[in-house]
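Please look over the sequence and the structure shown below before reading on. The report that follows turns to pockets and then to salt bridges.

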Amino acid sequence: NCSVLMLRPRACRAFGTIKPHDLTALPRLRSVPCLLMRGGTSRGPYFLASDLPTERWTPFLLDVMGSPHALQITGLGGGNSLTSKVGIMAPSQHGEDVDYTFAQVRVDEAVVKWKANCGNILAGVGPAAIMRGLVKAEDPETKIRIFNTNTKTRALVTLQTPGGQLTFDGPTAIDGVPGTSAPIKVTFLDVLGARTGKIFPTGHRSELIDGVRVTCIDSANPVVLMHFEQLGLETGHEAVEELNHDLPMLQRLEHIRQEASLRMALGPAQGKNLPKVAVLSPPSDGGSICSRYFVPDCCHAAHAVTGAIAIAVATTFDGTVAEEVAVQQEGPLRRVEVEHPSGRIQLDLVLDLSGSKVGRSTGAKVNGRVKEASLIRTAKPIMDGQVFVCSRHFEG
């Protein structure tokens, strides 16, 4: 694994400490433009696809992030799944403004996952697209239509750009992130059947797996929902550390997840990050529902945006495990607040109550009522510069 350094060219004098007879072992390095940014409650580098190797993105990103290593010491990763994510952007080939590909880089394995979308990293795509010249900022706000290549779904991101200038200053706070910033509205336009083309891929709103009643839903990402008490938990509001040390519970969750994956026609789940799992309970702090979200082998410190969408959508369908514990609402406009370990995440749903078919525009239509789901995120650029990787990624 080549060292990844955030250095100006003159800083490479540090290599002078290497003995002359060792120079032949020093890998050749190549610098690649990189924008390091926080998006929502996640963080990672953003790249233009045109700056990356033509092929072999997986070994390139492992090099960039420093995986596999618990600390990702040679790369940009932070030793945590929330800080080991990547956004890759390009001019859209699908009729939108920007094409966005998400990559989840495993911390301790030489694995990059490409199947899922990430709503937090998505929040940073809008600002990054302006900063990289893919989109021109307008006054007083800029709307950017984004196509996610992982799930073949669309989103609309609205940024604050007074005077045609991108700003990150503002009064908006989101749980899990200190301080305030300018609000970024993220609207998911294809929230039903993102992966399978069906809102309930198994054909059931609830079913039993290993004696636990679950709802297998495909909304933004495939997620398996279940009640906390059926897993032997006391409240469903347990701390992240407590859940991550409950090995029997984690093993049971994984068994359920693997069986659910087969029933959802996603194939074997071993070694894959989909489907995700959410353990639900009644709210305790004024929200609509409480969730502990697993990604998939440990509990999320906050909550994935896409997972919150799946839960919120499930609350609108009778007979799901989410509907049974959520505070119920009526009407075409609904606000669902999902409580999580760091606070809560708020979603606004727009429903079509006419009975018409609503689904993704890029595949099979699915029966459903949710037309779109929106939420507010924030983002912040951390560094704009060059990341050094092994030049072999660009050879051949």
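## Pockets and salt bridges

At least two lining residues of the second largest pocket come from strand 15 (343–351), and at least two from strand 16 (370–377). Strands, numbered from the N terminus like helices, are DSSP runs of E with at least two residues, whereas helices are runs of H or I with at least four. The model is a predicted one, in which local features need pLDDT of at least 70 and side-chain atom pairs count only at pLDDT 80 or more, while totals for chains, interfaces and linings use all residues. Residues are numbered from 1 along each chain as its sequence is written, and side-chain values use heavy atoms, with hydrogens and water left out.

Strand 15 contributes the largest share of the lining of the second largest pocket, namely five residues. This pocket holds about 220 Å³ of space, and of its 15 lining residues, those nearest the centre are Ile174, Gln346, Leu375, Ile376 and Arg377. A pocket is an open set of points on a 1 Å grid over the protein atoms alone, where a 1.4 Å probe fits and protein lies on both sides within 12 Å along at least five of seven lines; lining residues have an atom within 4 Å of a point. Grid points are joined across faces, edges and corners, and the volume is the space filled by probe spheres set on them.

The largest pocket has a volume of about 540 Å³. It is lined by 34 residues, and Ser81, Leu82, Gln104, Val295 and Cys298 are the closest to its centre. Two or more lining residues are given by each of strand 4 (98–105), helix 2 (119–131), helix 3 (240–244) and helix 5 (305–314), and strand 4 gives the most, with three residues.

By class, the lining of the largest pocket has 16 nonpolar, 12 polar and six charged residues, while that of the second largest pocket has six nonpolar, three polar and six charged. Here Ala, Val, Leu, Ile, Met, Phe, Trp, Tyr, Cys and Pro count as nonpolar, Asp, Glu, Lys and Arg as charged, and the others, Gly among them, as polar.

The structure holds 15 salt bridges, a salt bridge being a side-chain nitrogen of Lys or Arg within 4 Å of a carboxyl oxygen of Asp or Glu. The table lists some of them.

| Salt bridge | Closest N and O atoms |
|---|---|
| Glu395 and Arg28 | 2.4 Å |
| Arg257 and Glu254 | 2.9 Å |
| Asp348 and Arg335 | 2.7 Å |

Asp348 is partly exposed at 29% relative accessibility, as is Arg335 at 41%; the term partly exposed covers what lies between buried (under 20% relative accessible area) and exposed (over 50%), with a 1.4 Å probe and protein chains only.

Glu395, in the segment after strand 17 (379–390), and Arg28, in the segment before strand 1 (29–39), are 367 residues apart, and their pair links distant parts of the chain. Glu395 is partly exposed, with a relative accessible area of 33%, whereas Arg28 is exposed at 59%.

Arg257 and Glu254 both lie in helix 4 (residues 247–263), three residues apart, or about one turn of the helix. Arg257 is buried at 2% relative accessibility, but Glu254 is partly exposed at 23%. Finally, a network of salt bridges links Arg106, Glu109 and Asp297.
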